[in-house]
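Hi,

Here is the structure I promised to pass on. Have a look at it first, and then read my notes below.

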Amino acid sequence: IPWGELFFSDFYRFDRVQLELLKVLAKRCRVTVGIVGEPKKEKLYAATLGTIGDLSGFGFALCRENPVRARKPELQHFCDNWLQNPAAFADKADGIKLISAVSAEDEMRMVLEAIKQELLAGASYDDILLVVRSLDSYSGLRNLLDEYGIPTTLPKVTGFFSQPLVEMLRAFFALAVNSFDMGALCDLVGSSFAKLLFNLESEKLLEARTRTFFATPLQFMEYARQNLSEESFLALQMFIKTAEAIPKEAAVAEFCSCARSLVKGFSLKEKFGELYRNREIGMDLLKNVLLTENMCLEVFDEIEKAYDDSLEENRKIKLQDFINIFKETGMEKRVVLEKGRKQGLRVLEASKVQGLFCLHVYLMGLREGEFPSIKQENWLYNDKERTLLSELGVDLQNSVSSLNSDQYFFASTIAAAAECVTLSSYVDEGAGVSGYIEELKQYYPRLRAEAAADKLAFYEAWSDSQLLQKLSTCKDWPDEARIWAEQ
């Protein structure tokens with residue numbers, strides 16, 4: 001090991017493998033671990049005290065530090081009393097704001113409008129931190145940041161399975177499982193991606209299906225031969241033959257090879273490159289298609305490698321099992337359409353806030369079931385089995401430890417603010433506000449939520465689309481001007 005000293009900062013827990021690594025490293029160089037916790041405050045630091053105890057058991061000396069941060073009195077009151085002493089803050093807590101919305105988009109817009117007002121008033125991007133429990137719950141956040149003209153470190157991503165190419169692949173697999181499945185064939189025919197890629201007369205085919213009963217895909221294909229263009233007939237014929245060529249049972253490597261050949265056989269670079277040159281599609285779509293193609297190939301490589309490593313590469317499985325493996329492997333994948341900027345508004349998940357400190361923190365998603373995140377017991381391992389596995393060195397978080405972690409994330413996020421923290425949520429028929437908000441009101445009895453209000457003045461429009469929307473409803477404008485704004 002080339003280092004004389006190693007520092008680890010802002011972890012809240014280590015799993016067994018990480019702890020063993022720290023133990024081995026400590027024998028070869030000086031190791032310092034910075035972690036937040038106080039043994040006397042067990043309720044507040046339930047998420048970190050286990051790790052502190054493990055490190056102490058390995059021989060790490062416990063050195064207490066108590067750094068002092070300059071915060072507004074109401075925020076310091078939170079740090080001094082949260083989950084310890086439910087003392088009410090006597091004065092009005094101007095440094096803690098609540099926002100209540102009626103939908104996720106409404107919540108995001110209210111928060112972004114508040115942030116933009118701060119930026120226009122002279123705040124810098126380093127002064128502000130936007131936090132969510134999970135970015136998956138706010139999939140449209142990056143697009144709204146672009147709409148409001150707020151540069152951000154958040155990359156523009158989209159879900160792997162929401163990509164048209166992946167939807168078309170899954171339709172091919174479904175048709176291969178059952179070649180008589182008219183529903184799978186119609187999913188394939190109705191795919192916007194297939195229509196664009198093969199110049200398919202999708203609307204005519206789907207309309208014919210609503211008027212005529214086709215017992216099998218072959219009857220459907222015969223109808224296409226008689227009534228549609230040759231190009232559409234050949235495309236439909238190719239769909240059926242390609243699906244039939246996918247084996248019903250094979251080794252994983254064979255399935256992966258077949259899937260790669262299917263993706264590469266679409267010649268996406270050439271076909272979509274030509275569409276772009278002819279100005280039939282934009283750069284964003286071209287980039288999206290090529291990134292998704294690369295990720296598809298990576299997923300198949302990952303599946304094949306996993307089976308090679310498990311020494312089961314020769315075991316044959318059914319096609320439906322391979323489809324399930326593909327689904328599980330791709331579930332957490334994200335296609336990065338555009339990287340975040342180095343300079344801009346920082347957007348983080350609550351688990352990544354530890355160690356940061358800034359003037360104003362916005363925390364979105366304080367909603368029942370979302371923060372704290374209520375985890376349902378996994379069908380494979382229940383909480384009791386997870387506890388037993390943990391004792392054997394296999395770390396799987398149970399419901400209690402997950403709630404402790406969320407409690408720590410919530411407290412860390414508020415403690416990161418020096419002047420103001422804005423907490424937002426949206427309420428609908430599905431869920432109400434988080435229990436954290438109700439607890440917070442015990443410490444700040446005068447806390448009230450700000451609800452969405454109709455903003456009619458032009459100067460209250462914080463994005464181009466909002467301004468145009470307001471102009472389109474302006475009664476004082478000539479008709480042609482309002483029509484222009486609508487368009």
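**What I found**

Ala47 is buried, with a relative accessible area of 12%; buried means under 20% relative accessible area, exposed means over 50%, and partly exposed is in between (1.4 Å probe, protein chains only). You'll find Ala47 in helix H2, residues 46-57. Helices (H or I, at least four residues) and strands (E, at least two) are DSSP runs, numbered from the N terminus. Leaving out neighbours within four places in sequence, Ala47 is in contact with Tyr12, Arg13, Asn404, Ser405 and Tyr408, where contact means heavy atoms within 4.5 Å. Ala47 and Lys195 are 148 residues apart in sequence and 52 Å apart in space, C-alpha to C-alpha.

Before you go further: this is a predicted model, so local features need pLDDT of at least 70 and side-chain atom pairs count only at pLDDT 80 or more, while totals for chains, interfaces and linings use all residues. Residues are numbered from 1 along each chain as its sequence is written, and side-chain values use heavy atoms, with hydrogens and water left out.

**The chain as a whole**

The chain has 20 helices and twelve strands, and its C-alpha atoms fill a box of roughly 80 × 75 × 45 Å along the principal axes. Of its 487 residues, 41% count as buried. Among contacts with a separation of 6 or more, 74% come from residues 24 or more positions apart. On charge, there are 58 positive and 73 negative side chains, and the centres of the two sets lie 3 Å apart. Lys and Arg count as positive and Asp and Glu as negative, with His and the chain ends not counted; each charge is placed at NZ of Lys, CZ of Arg, CG of Asp or CD of Glu.

**Strand E10 and its partners**

Six of the seven residues of strand E10 (residues 358-364) are buried, so the strand is largely enclosed by the rest of the structure. E10 pairs in the parallel sense with strand E4 (residues 128-132) over five bridges; two strands pair if DSSP finds at least two bridges between them. Within that pairing, Val132 has Met364 of E10 as its bridge partner. Five bridges also join E10 to strand E11 (residues 417-426), again running parallel, and here Cys358 is partnered by Ala417 in E11.

Ser434 sits in the loop between E11 and helix H18 (435-443) and is buried, at a relative accessible area of 0%. Its side chain reaches the backbone nitrogen of Tyr436 at 3.0 Å. Ser434 also touches Leu366, Arg367, Glu368, Phe371 and Pro372, not counting residues up to four places away in sequence. Two of those names come up again: the peptide bond from Phe371 to Pro372 is cis, with omega near 5°. Pro372 lies in the loop between E10 and helix H16 (383-391).

**A few other spots**

Glu147 belongs to helix H5 (residues 141-147) and is partly exposed, at 25% relative accessible area. Residues up to four places away aside, Glu147 touches Arg109, Ser463, Asp464 and Ser465.

Asp10 has a positive phi of about 70° although it is not a glycine. Asp10 is in the loop between strand E1 (5-9) and helix H1 (16-26) and is partly exposed at 36%. Ser267 has a positive phi too, near 50°; Ser267 is in the loop between helices H12 (252-265) and H13 (268-277).

Cheers

Note on methods:
A polar contact is a pair of N or O atoms within 3.5 Å; within protein, one must be able to donate a hydrogen and the other to accept it, and residues adjacent in sequence count only if both atoms are side-chain atoms.
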